[in-house]
Amino acid sequence: MSATAVVRNARDLLDEAGLHGAFLVRDLDTGAEIGFDADIPYPSASLVKVPLAVAVGERVARGELDPTRPVEVAPGRLTTPGPTGLSRFRHPARIAVDDLLYLSTCISDSVAADALFDLVPPAAVTAELRRLRIDGIAVRHRAGDLSDTPVERLDPDDAHLAHSLAIGAETPGQGHPVAQLDVTRANTGSARAFVDLLHALWRPSTIQQVTAARVRALMGDNLHRQRLAPDFTSDASRWSSKTGTLLHLRHEVGVVEHADGQSYAVAALTASRVPAAAQPGSEATMAQVARSLHDHLRTGTLPWWG
C-alpha cells in the first residue's frame, strides 16, 4: 500500500471512530517519517509533564536543584473520578523532588506536577525547551488548572454535558471558552514538536545524558497503558510513553524500541466528537492508526507525510 493510501485509510479510521487528530511516526536513526496534520497545535493536557520532567532534570544535572530535597505537599482531596496519587491524598505529605518526578510522569499526578512547577514555573519550562532548541511546545499554566473544567462542576451522570460543550464550542481558529482547550491560552504542542522532544530524549545532543536517561526511564514506567501500548508492547519491543486526557482530548506520545535496534517516536493527538468520557473503541482506533503508520515506515518506504 502506498504512503498516500496508508494516510487516507488512517484518516478514514479516525473519522469512523468519531475522532480527528494529528499523527507522526519518525525513525529515530534515519529521520524518515510519516504522518498527517503534524504541525497543528493541540492543547497538550498531561503531555506537559514530559517537558516539565526535562526542565527539572536539567536543573538537577546542573546542580541547581537537589533531587533529594524534601517538598511539603498539601493533599489534593479530589473526589471526582480519574485523578490519581497525591490528588486523592487526605493529609499533607513530605516527598523528595526525584519522587515527585516519578509521581508526575509515571502516574500523571497533577498535585506532584504542581509541586515541581513551584520549583520550575511554566515560563521557566518553556525557556528551558527553547535553550535546548526544542520549539513548538508552549507551557503556560500549572497542571492543576486541568482539573478546573466544567466536568468538575457537574454530577458524574451529567459529564456528557461538559463533553458536549468541549466538542461544540471550538472556534475555527482553535479558540474555546474553556481556557484549557484554547490554543492561545492552554499548554500546547504539535505532534511534530512532541516527536522532536522524544527524538532529543532518545538521541540526546542538547539535553544532558543524565536527564535524558532519567526521563526515558520514567516514560518506560508509565502506568497508563490502555491507549497505544497494546499495539506497541511485545516480548520483542519496549514501549515508553506519556498519555494526556482532557475532556474530549485523548493523546499519547512515546517511543517503541525493537529488539533489532530500530526505534520509532510516535505522537498521536486526537479530539473526539462523541460526548462520552469512556471511549475504549476510540483508544483502540488511535492505536490501530499509529501502528499502521509505524508498520508502513518500518517496511523501508520513503519518508512522507500529509
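The legends below describe close-up views of a predicted model, in which local features need pLDDT of at least 70, side-chain atom pairs count only at pLDDT 80 or more, and totals for chains, interfaces and linings use all residues. Residues are numbered from 1 along each chain as its sequence is written, and side-chain values use heavy atoms, with hydrogens and water left out.

**View 1. The largest nonpolar core has 66 residues.** Such a core is a set of buried Ala, Val, Leu, Ile, Met, Phe, Trp, Tyr and Cys residues joined through side-chain atoms within 4.5 Å, where buried means under 20% relative accessible area with a 1.4 Å probe and protein chains only.

**View 2. Helix α3 (residues 97-106) is largely enclosed by the rest of the structure, because 7 of its 10 residues are buried.** These are Val97, Leu100, Leu101, Leu103, Ser104, Thr105 and Cys106, and the buried residues of α3 pack against α2, β4, β5, α4, α8 and β8, with contact meaning heavy atoms within 4.5 Å.

**View 3. The axes of α2 and helix α5 (residues 122-131) come within 9 Å and cross at roughly 75 degrees.** Axes are lines fitted to C-alpha atoms, for helices over the stretch in contact, and angles run from 0 to 180 degrees between N-to-C directions. That makes α2 roughly perpendicular to α5, a term for angles of 65 to 115 degrees. Pro51, Leu52, Ala55, Glu58 and Arg59 in α2 meet Ala124, Val125, Glu128, Leu129 and Arg131 in α5.

How values were computed: Buried means under 20% relative accessible area, exposed over 50%, partly exposed in between (1.4 Å probe, protein chains only). Helices (H or I, at least four residues) and strands (E, at least two) are DSSP runs, numbered from the N terminus. Angles under 35 degrees count as roughly parallel, over 145 as roughly antiparallel, 65 to 115 as roughly perpendicular and the rest as oblique.
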